[in-house]
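Dear colleague,

I am handing over a structure that you have not worked with before, and below it you will find my notes on what turned up in it. Please read them with the structure open beside you.

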Amino acid sequence: LSQKGIKPPYHSRLNTAESAECLEQFWAKGNDGKLIKLEGNLLILPLMDIKAVTRGILAIDEEGRKSYQKGIKKTGLFMPISNGSSTPLDYVGNIYIGEGLATMATVREMTGCLSIMSSDAGNLPHVAEAIRNKFQKSKIVITSDWDTNGTGQKKAIEAARLVNGYVVFPKFTEEHINSKEPPSDFNDVFTLYGEEVVK
C-alpha cells in the first residue's frame with residue numbers, strides 16, 4: 001500500500017504468510033507455473049458476489065504476488081472500493097471497473113465514485129455484466145490495463161461492449177513504455193505523472 005501510494009481499502013485486513021490460516025490457504029504460481037509460497041505480510045481482500053456476500057478471499061504479499069483462496073470459483077466475484085456505504089439501485093453516476101487493487105483504489109481516490117476490483121483481466125466481462133444487471137442506469141467505465149501482450153486491452157473492450165459502457169486507457173511516454181519494467185495501469189500513471197493526469 002505504501003509503495004503504491006494508496007490508502008487501506010475498506011474491508012481489507014492484514015495477516016502474515018507464516019500464519020496457520022495463510023499457510024493452509026495461499027500459494028501463488030511463479031512464471032514457470034509452479035506453486036510458490038507467499039512471504040511476509042499479506043493484504044487480505046474479500047471477494048464478493050453481486051449480493052455483497054463474501055465468497056472467497058485474495059491475498060497479496062509484499063512482492064505483489066497474488067493468490068486466491070484454495071477452492072473458490074472467482075468468476076464474477078469482485079471487491080468494491082468504497083467508503084462502506086451502500087449504493088442505491090437507481091444510482092446514475094459513474095461506476096469504474098478494473099483489474100487490480102492499486103488501480104481501482106487510485107481511481108476511487110481521484111474520482112470519488114464507486115470503483116470495483118475484478119482482480120484479473122479475464123474476470124472483467126463477468127463482473128461488468130453483474131454490475132450492469134444491478135445498476136441499470138449507471139455509466140460503466142472500464143479502466144483498462146495496458147499490457148504488452150494486449151490481454152488487458154482486449155478484455156476491457158469486451159467488457160465495455162457487453163454492458164454498453166466505456167473504456168479508458170492509461171497513457172505513458174515512450175521512455176517509460178520502453179523501460180525495463182514498463183508501467184501498465186492507472187496507479188502507475190499516478191505514481192509517474194501525478195493526480196491531475198489521472199483525473
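A residue is called buried when its relative accessible area is under 20%, exposed when that area is over 50%, and partly exposed in between. By that rule F172, with a relative accessible area of 12%, is buried. Please keep in mind that this is a predicted model.

In the pair of W146 and F169, the ring centres are 5.8 Å apart and the planes stand at 85 degrees, so the arrangement is edge-to-face. This pair links distant parts of the chain, as W146 lies in the loop between β10 and α4 while F169 lies in the loop between β11 and α5, 23 residues apart. W146 is partly exposed at 39% relative accessibility, and F169 is partly exposed at 34%.

The rings of F172 and Y193 have centres 6.4 Å apart and planes at 40 degrees, so this pair is tilted. Here the loop between β11 and α5, which holds F172, is linked to helix α6, which holds Y193; Y193 is partly exposed, with a relative accessible area of 26%.

Another ring, that of Y166, has the charged end of K139 sitting over it, 4.7 Å from the ring centre.

Turning to the strands, there is an open sheet of 4 strands in the order β1-β4-β5-β6, with antiparallel pairing. Because β1 and β6 stand at the edges with a single partner strand each, one side of each is left without a neighbour in the sheet. Strands β4 and β5 are joined by 7 bridges, and M48 stands opposite T54 in β5.

Note on methods. Residues are numbered from 1 along each chain as its sequence is written. This is a predicted model: local features need pLDDT of at least 70, side-chain atom pairs count only at pLDDT 80 or more; totals for chains, interfaces and linings use all residues. Side-chain values use heavy atoms; hydrogens and water are left out. Two strands pair if DSSP finds at least two bridges between them. Helices (H or I, at least four residues) and strands (E, at least two) are DSSP runs, numbered from the N terminus. Rings of Phe, Tyr and Trp (its six-membered ring) pair if their centres lie within 6.5 Å; planes under 30 degrees apart count as stacked, over 60 as edge-to-face and the rest as tilted. Buried means under 20% relative accessible area, exposed over 50%, partly exposed in between (1.4 Å probe, protein chains only). A charge sits over a ring if NZ of Lys or CZ of Arg is within 6 Å of the ring centre and within 35 degrees of the ring normal.
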